[in-house]
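Open the model in your viewer and keep the selection tool at hand. We will go stop by stop.

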Amino acid sequence: MSAPVQTTYREACRAAIADALRRDPRVFLMGEDVGRYGGCYGVSKGLLEEFGPERIRDAPLSESGFTGMGIGAAMNGMKPIVEIMTVNFSMLAFDQIVNNAATIRHMSGGQFGVPLVIRMATGAGRQLAAQHSHSLENLYAHVPGLKVLVPATLEDARGMLWTALEDPDPVLIFEHVMLYNMTGELAADAGAVAIDKAAIRRPGKDVSLITHGGSLPKVMIAAKQLAEQGIDAEVVDLRTLRPLDDATILDSVRRTRRAVIVDEGWRSGSISAEVSARLMENALWSLDAPVGRVCSAEVPIPYPRHLEEAALPQPQAILAAVKRTLG
Amino acid sequence: MYEFRMPSLGADMEAGTLVEWLKHPGDRVARGDIVAVVETDKGAIEIEIFVAGTMGKQVVALGAKVPVGTTLALIEGVAEERRPPAPRAAAAPRAFEAPAVPPSAVAAPAPGLRVSPAARKLARERGIDLATIKGSGPDGSIVLHDVERVGGAPARRGLDLNRMRQAIAAAMARSKREIPHYYLATDIDMSKALDWLQTTNAGRTPGNRLLPAVLTLKAVAHAARKYPAFNGTFDPASGFTAASGVHIGVAIAVRGGGLASPAVHDCDQQSLDDLMGRLRDLVARTREGRLRSSEMSDATLTVSSLGERGVETLYGIIYPPQVAIVGFGRVASRPVAVDGQVVVRNVMSATLAGDHRVTDGHLGSLFLREIDARLQEPDKL
Amino acid sequence: MSKAKLHLSRDSLLSLLHQMIRVRRFEEKCDELYQSEKIRGFLHLAIGEEAVCTGVMAALAPEDAVVATYREHGHALVRGVPATAIMAEMFGKLEGCSHGRGGSMHLFSAAHRFYGGYAIVGGGLPVAAGIALADAMRGESKVTCCFFGDGAVAEGEFHETMNLAELWKLPVLFVCENNLYAMGTRLELSESEPDIHAKAQSYRIPSEVVDGMDVVAVNAAAMRAVERIRGGAGPQFLECRTYRFRAHSMFDPQFYRTKAEVEEWKKRDPITRLTEWMTSVGLLHADDLPQIEAAVEGEVRGAVDFAEAAAWEPVEQLAVDVYARPRP
């Protein structure tokens, strides 16, 4: 590992894409405004100049069309990175992703695979209202044949993309909008990371705080506040929603005996529901309290700031949930 | 003979109604001919035949709704049909190790015991040490049923009266719920026993004197030996198990409202002096909360006595999994009939509560009469 | 143009006739097997439409790619996927071309660059454009041929794909099999502009209307279009006007069209038309048809036997190929 540099999550995403484009001529980026505009969130700024329009392709507003094209190109030997501006817009491509990308290997008896990477922004926090603010990665994590990643750190933003591109199956990467500006240190030669494991971001013994993506910083804040009150929380960053790393999650909760899951999706049919079910199935004898969940309020995310904050998971709610598990 | 059957015309078609024959018996049919009309949920559909021959007997009446595959008509003169080959067995399955569903055997053994939340709660209420329970639930876990079965009010170090009360309450409630009690009572003339005691104690220092309790205890022990059906444990799954030893639980009141019944081991084999010593020791340790777990769990029969400040008769509640409890009232002067005359004697009421799944009134009365008989010969106890 | 003329040789015409009869008899056998519950689920027959898949496929090279719909048995057959593998797939057997996983609507064959049957109407169009994009990015002169029906032109994915294909000059041959009905809805009732090839023209894609009941016309048009694509002209569009003599799928009482209309179109049966024309110009000899029918009958019977004898996939393999590598 070389000396660390100050960088941002956005820059780490960009470095990952540029690195992939350099390494493998089969890789290309395709999506709305990824070229001349430099990417809706600035992730692909400068890439068109460096790699040219064949490899950085501005697509018209045709999510279904260009996602399906990514599938076809992947079936025929390329390694496309399809960028869908946000998970909200990906609903237009849901047919292609669920009915084609996820099924083709199994449905064709193993003859064709879809080694496609789809990157999408997700989540809320910028007062963009309901049609730009939802966290729908759980819908994709539901589907066999897909893999779903949620990088929440600079290392993961930098390192997950290459591993995903090497995967012979479709991988969806969700980048939370509030993480793009996150700053921190990253080794200059930081490279590929595993995409099938969760990570313990803070070891602890009193309760397991299980979370992913944009909720990680809030959970770390909550853990710090809990520590000041004498409660030692262990923070588990899921990193991958499909497959879920059962071993790490269960090991943590078997030790701490309490769990609170923090998930920016709505609790109904969410990732937190799935993790909770697995804890009940596999760690019941270790649990000392019911599993708690802190999720978004069951409302479309509203525009005014105070309402948006009230709708999303916040550190106070996490603290309250932890205290409930302690009785 | 070729059987023309109701065809399947769609994934969701289960039956069809024959509404019209377009070919009739005797008509030649060729492959591809439309021969009938079938009414289905979606509407009327013409059905074709796939063989050449002559229409024979039409076996289904018009208007009949029949399942897909039902023979509609017989076709004559059809060339012999080859039997289709049977499917062969698949080759060795492709190498595949991973489980199809998320493994629920990502099971490291839980640190410590596996106890269901419900069981844990009940054990806490009853003051039961989970380490003493064998689990019968999934993964060998301790479940509610396992805790409910545990008998006896446990003593905790340092004697937690509240927990003790709760444990007694739970045990007694269960006893009344599960054990069909029958009750017998008899009056025992204690004159001889008390006279013997007086004589025996006359030459002893107070610390060595025997109490009536020790006589009754020994008498019960002898009776238990003679009638083993009152000395043992009952389990609904396996029935009654006679105990090899006679370990009588002696109910001892604890100041503050608690009650414990530690076992005196091998009562029938001990001398009265030894028994006395054991009783004194037990009472002392009980009141201090220093009982051993074997004392708590080994009783095969319980004796309860109200003592001098009690009332005439004590009807007990059996401590599960035991099958009997003997109760003694206070010794009191009462008029009795002896040889046709009314005299005043020291009389003590003795009761038996028995588990009717194991014994009945007949045996119970023999048991009680044995106790009586033994107490009439105190020197032989 | 000269190429089109070459294909009027007796051999090439006999080949086209043989292929159409193969498709016809295979489909008829599937119909029978479905009614006796050997084939299950949905079954969509292309009886009447044989000229389109036969004529177009004859214009493609083995290195080209094909994307089709759920009515694709004929397309797979003519492309070269063995009848045995297709029939076994219809039965759901392990030796089927998709290992029995897909059935009638999802025939795949990597060896023939047959990229699938798709059950979502219009769902294959973007995929076809992507397959073409990959070939183009590698500088290869392969053609991706994308078949779809008149129903697909109402889907957003059709319009997105037309736009993308022309914008990026993708080497796609779009073949619309316009059989006038999208399931039970006639074209005029669902399209404000029922002239399909005009829609493609509005995206500036060169488009032709072709008599889809004339295999020679279809073949000639396809050859012209393929040549243009290989020359770098970008996507081409053929609207083949054809007709299915059978229902949309098996369970369809066909309230939406009259028997008279069906009978009218049956007069233009592509197989009959070719045999009559070949006879009239002396290119069909007396024993040609019987030989073809006998060969086809043997092939179909062999396919059914193969399918009957083929194995069922063991249930233990249910989760194989959800992902390329099983998870640890």
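Bear in mind that the model is predicted.

**Stop 1: the domains of chain B**

Select chain B and colour it by domain. Domain 1 covers 2-76, domain 2 covers 117-148 and domain 3 covers 181-380. Now look at domains 2 and 3 of chain B. Their C-alpha centres are 32 Å apart.

**Stop 2: a sheet in chain B**

Stay with chain B and show the strands. Find the open sheet of 6 strands, ordered S9-S18-S17-S16-S12-S15. Its pairing is mixed. Which strands stand at the edges? They are S9 (181-189) and S15 (263-264) of chain B. Each has a single partner strand, so one side of each has no neighbour in the sheet.

Next, select residues 324-338 and 341-355 of chain B. These are strands S17 and S18, which run antiparallel and are joined by 13 bridges. Pick out Val326(B) and look across to S18(B). Opposite it is Leu352(B).

**Stop 3: two helices in chain A**

Move to chain A. Select H3 (residues 63-75) and H4 (residues 94-101). How is such a pair described? Two packed helices are described by the angle between their axes and the distance between the axes. Here the axes come within 8 Å and cross at roughly 25°. Angles under 35 degrees count as roughly parallel, so H3(A) is roughly parallel to H4(A). The crossing is right-handed.

Show the side chains at the contact. H3(A) brings Ser64(A), Thr67(A), Gly68(A) and Ile71(A). From H4(A) come Asp95(A), Gln96(A), Ile97(A), Asn100(A) and Ala101(A). By class, this contact has 3 nonpolar, 5 polar and 1 charged residues.

**Stop 4: chain C against chain A**

Select chains C and A together. The contact takes 34 residues from chain C and 34 residues from chain A. On the chain C side, highlight H6 (124-137) and H7 (156-167), which each supply at least two residues. Which of them gives the most? H6(C) does, with 10 residues. The chain C side divides into 17 nonpolar, 11 polar and 6 charged residues.

**Stop 5: chain B against chain C**

Finish with chains B and C. Their contact takes 25 residues from chain B and 28 residues from chain C. Colour the chain B side by class. You will find 17 nonpolar, 4 polar and 4 charged residues there.

Notes:
Residues numbered from 1 in each chain as written. Chains lettered and ligands numbered in written order. Predicted model: local features only at pLDDT ≥ 70, side-chain atom pairs only at ≥ 80, totals over all residues. Domains from an automatic or database assignment. Contact = placed C-beta atoms within 7 Å. Nonpolar A, V, L, I, M, F, W, Y, C, P; charged D, E, K, R; others polar. Pairing = 2+ DSSP bridges. Helix = DSSP H or I, 4+ residues; strand = E, 2+ residues; numbered from the N terminus. Axes fitted to C-alpha atoms, helices over the stretch in contact; angles between N-to-C directions. Parallel < 35°, antiparallel > 145°, perpendicular 65-115°, else oblique. Left-handed = near helix turned anticlockwise from the far one by under 90°.
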